[in-house]
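Keep the picture open while you read, and find each residue as it comes up.

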Amino acid sequence: MLSKQMDASNRQRTKAGVTDVDALASDRDDAGIPVHRGWAPLGARHRWMEPFVLVLLAGGGAHGYAITAQLEEMGITGGPVDIGQVYRTLRELEHAGQVTSSWSAEPVGPQRRDYELTAAGYAAIDAWAAVMKERARLIGEFNARYLEAVAAPRHRV
């Protein structure tokens with residue numbers, strides 16, 4: 001139901017001059033509250049990993065352990081990355097048609113599943129980029145107001 005509402009709203013906003021990427025990334029619920037794909041208040045934390053997995057795959061196909069190592073290098077979890085969570089995310093992305101997988105053809109070592117983005121995966125990255133841009137704007141707004149507040153004398157009660 002929400003998906004149909006978002007599609008209709010997205011078509012209306014595109015006609016109104018809003019870009020397709022903006023339309024893909026966010027909408028408003030029935031109460032007028034902004035709803036950003038994958039960033040619902042108190043939403044499942046595993047959704048945070050999705051855009052990072054997608055962007056890593058955009059750089060070229062990879063297998064799960066390589067993706068996990070890159071996620072750890074980025075420090076997105078503040079500790080070791082749960083390999084099970086990475087593979088669950090990859091399966092969800094594959095089920096959604098955003099990723100394809102195949103068994104590696106390497107003659108040495110254990111076989112691994114290699115993952116690659118589909119056209120839908122690239123579209124999802126565009127949507128996530130718009131979401132991240134909006135989140136960065138909001139964080140910048142918070143930081144600016146915070147700096148103003150801490151520069152002023154504190155009013156203690």
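Start with the largest nonpolar core, which has 21 residues; V53, L54, L57, I67 and L71 are the ones that touch the most other members. Keep in mind that this is a predicted model. Helices α3, α4 (64–74), α5 (83–95) and α6, along with strand β5 (113–117), each give two or more residues to this core. The biggest giver is α3, with 6 residues. As a general background, nonpolar side chains tend to be buried together in soluble globular proteins.

Setting aside neighbours within four places in sequence, L57 is in contact with A62, I67, L90, V99, Y115 and L117.

Now zoom out for a moment. The protein chain has 6 helices and 5 strands, and from the N terminus on they run α-α-β-β-α-β-α-α-β-β-α. Of the 157 residues in the protein chain, 27% are buried. Take the contacts with a separation of 6 or more: 46% of them are between residues 24 or more positions apart.

Back to α3, then. How many of the 10 residues of α3 are buried? The count is 8, so α3 is largely enclosed by the rest of the structure. The buried ones are M49, E50, P51, F52, V53, L54, L56 and L57. They pack against quite a list of elements: β3 (62–63), α4, α5, β4, β5 and α6. After α3 comes G60, with a positive phi near 135°.

Let's look at the helix partners of α3 one by one. Two packed helices are described by the angle between their axes and the distance between the axes, and that is how we'll go about it here.

Take α4 to begin with. The axes of α3 and α4 come within 10 Å and cross at roughly 115°, and the crossing is right-handed. On the α3 side you'll find M49, F52, V53, L56 and L57, which meet I67, Q70, L71 and M74 in α4. Sorted by class, this contact of α3 with α4 has 8 nonpolar residues, 1 polar and no charged ones.

Next up is α5. It packs against α3 at an angle of about 75°, with the axes 10 Å apart, and that makes α3 roughly perpendicular to α5. Here M49, E50, V53, L54 and L57 of α3 make the contact with Q85, V86, T89, L90 and L93 of α5. The classes in the contact of α3 with α5 come out as 7 nonpolar, 2 polar and 1 charged.

Helix α3 (residues 49–58) and helix α6 (residues 119–151) pack at an angle of about 125°, with their axes 10 Å apart. The two helices are therefore oblique to each other, and their crossing is left-handed. From α3 the contact takes E50, P51, F52, L54, V55 and A58, and from α6 it takes G121, Y122, A124, I125, W128 and M132. The residues of the contact of α3 with α6 divide into 10 nonpolar, 1 polar and 1 charged.

Stay with I125 for a closer look. Apart from neighbours within four places in sequence, I125 is in contact with L54, V55, A58 and L117. I125 and E50 are 75 residues apart along the chain, and their C-alpha atoms are separated by 9.4 Å.

One last stop takes us to a loop. S104 lies between β4 (99–103) and β5. With a relative accessibility of 4%, S104 counts as buried, because the cut-off for that is under 20%. Beyond neighbours within four places in sequence, S104 is in contact with Q111, R112 and D114.

Terms used:
Residues numbered from 1 in each chain as written. Predicted model: local features only at pLDDT ≥ 70, side-chain atom pairs only at ≥ 80, totals over all residues. Heavy atoms only, no water. Axes fitted to C-alpha atoms, helices over the stretch in contact; angles between N-to-C directions. Helix = DSSP H or I, 4+ residues; strand = E, 2+ residues; numbered from the N terminus. Parallel < 35°, antiparallel > 145°, perpendicular 65-115°, else oblique. Left-handed = near helix turned anticlockwise from the far one by under 90°. Contact = heavy atoms within 4.5 Å. Nonpolar A, V, L, I, M, F, W, Y, C, P; charged D, E, K, R; others polar. Core = buried A, V, L, I, M, F, W, Y, C linked by side-chain atoms within 4.5 Å. Buried < 20%, exposed > 50% of the residue type's maximum accessible area, 1.4 Å probe, protein only.
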